[in-house]
Amino acid sequence: MTNNRFIITLWLCLMFFLFASCGSKKQAVVLPADFKGPKELSRLYGVKITPNDNIYLYNEGSRWLGVPHRLGGNTKKGVDCSGFVAIIYREVYGKQLARSSADMLKHNVKKVGRSRLQEGDLVFFRTDGSRKKTPNHVGIYLKNGRFIHTSTSRGVMVSSLSEPYFTRSFITGGRVK
């Protein structure tokens, strides 16, 4: 009987040390070689990046700044607005989004008002002047009224929601489910 108690005690101690040591190991975070720090990202985006911000969102977006617009594109040779948003969401958040802005609004988000936008929310626009509530343009909200998107004339860039063009064409914000 003593031998069984010893084996059980030894087994329990071994399990305790195995599980206790799991929580104490520190995971090494490996950053990409082109990772930009908060100071450089703040300069690129025109907003102060703080520890509360998702630096991975800002860094991944910065890798695409200046990439030209290409309808249906989804590479750094050319990308359209919904392709850009889908790629960023997959890379940063590990989420698969629909491929068109209209389908993103319909299937991937819960609508949120302009005043309730948070970092990472999607912003939807109707840029052709029609009064339809179906979006034909989408971007990713950053902070302080700024969002990143793909412009047909200037490629991937950062703009402000307070620019008259975007104020007129704004439909809604959307928080990805």
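**Sheet, helices and pockets in a predicted model**

Biologist: Which strands does helix α5 lie across?
Modeller: In this predicted model, helix α5, residues 101-108, lies across β3, β4, β5 and β8. Helix α5 runs at about 95° to β3.

Biologist: In what order do the strands of the sheet come?
Modeller: The order is β3-β8-β4-β5-β6-β7, six strands in an open sheet with antiparallel pairing. β3 (109-112) and β7 (155-160) are the edge strands, each pairing on one side only. From one strand to the next, the twist averages 35°.

Biologist: How many bridges join β3 to β8?
Modeller: Four bridges join β3 to β8 (residues 170-176), and the two strands run antiparallel. Val109, for instance, has Val176 in β8 as its bridge partner.

Biologist: And what does helix α4 lie across?
Modeller: Helix α4, residues 81-93, lies across β4, β5, β6, β7 and β8, at about 35° to β5.

Biologist: Turning to pockets, which residues lie nearest the centre of the largest pocket?
Modeller: Thr127, His137, Thr150, Ser151 and Thr152 do, among 21 lining residues. The largest pocket holds about 350 Å³ of space. The elements giving two or more residues to this lining are α4, β6, β7 and α6 (164-169), and β6 has the largest share with three residues.

Biologist: What classes of residue are in that lining of the largest pocket?
Modeller: The lining has 13 polar, five nonpolar and three charged residues.

Biologist: What is the volume of the second largest pocket?
Modeller: The second largest pocket has a volume of about 240 Å³. Its lining residues include Arg126, Lys132, Tyr165 and Phe170. Five of the lining residues are charged, four polar and three nonpolar. α6 gives the most to this lining, with three residues.

Note on methods:
Residues numbered from 1 in each chain as written. Predicted model: local features only at pLDDT ≥ 70, side-chain atom pairs only at ≥ 80, totals over all residues. Heavy atoms only, no water. Pairing = 2+ DSSP bridges. Axes fitted to C-alpha atoms, helices over the stretch in contact; angles between N-to-C directions. Contact = heavy atoms within 4.5 Å. 1 Å grid on protein atoms, 1.4 Å probe; cavity = no way out; pocket = protein on both sides within 12 Å on 5 of 7 lines; lining within 4 Å. Points joined across faces, edges and corners; volume = space filled by probe spheres on them. Nonpolar A, V, L, I, M, F, W, Y, C, P; charged D, E, K, R; others polar.
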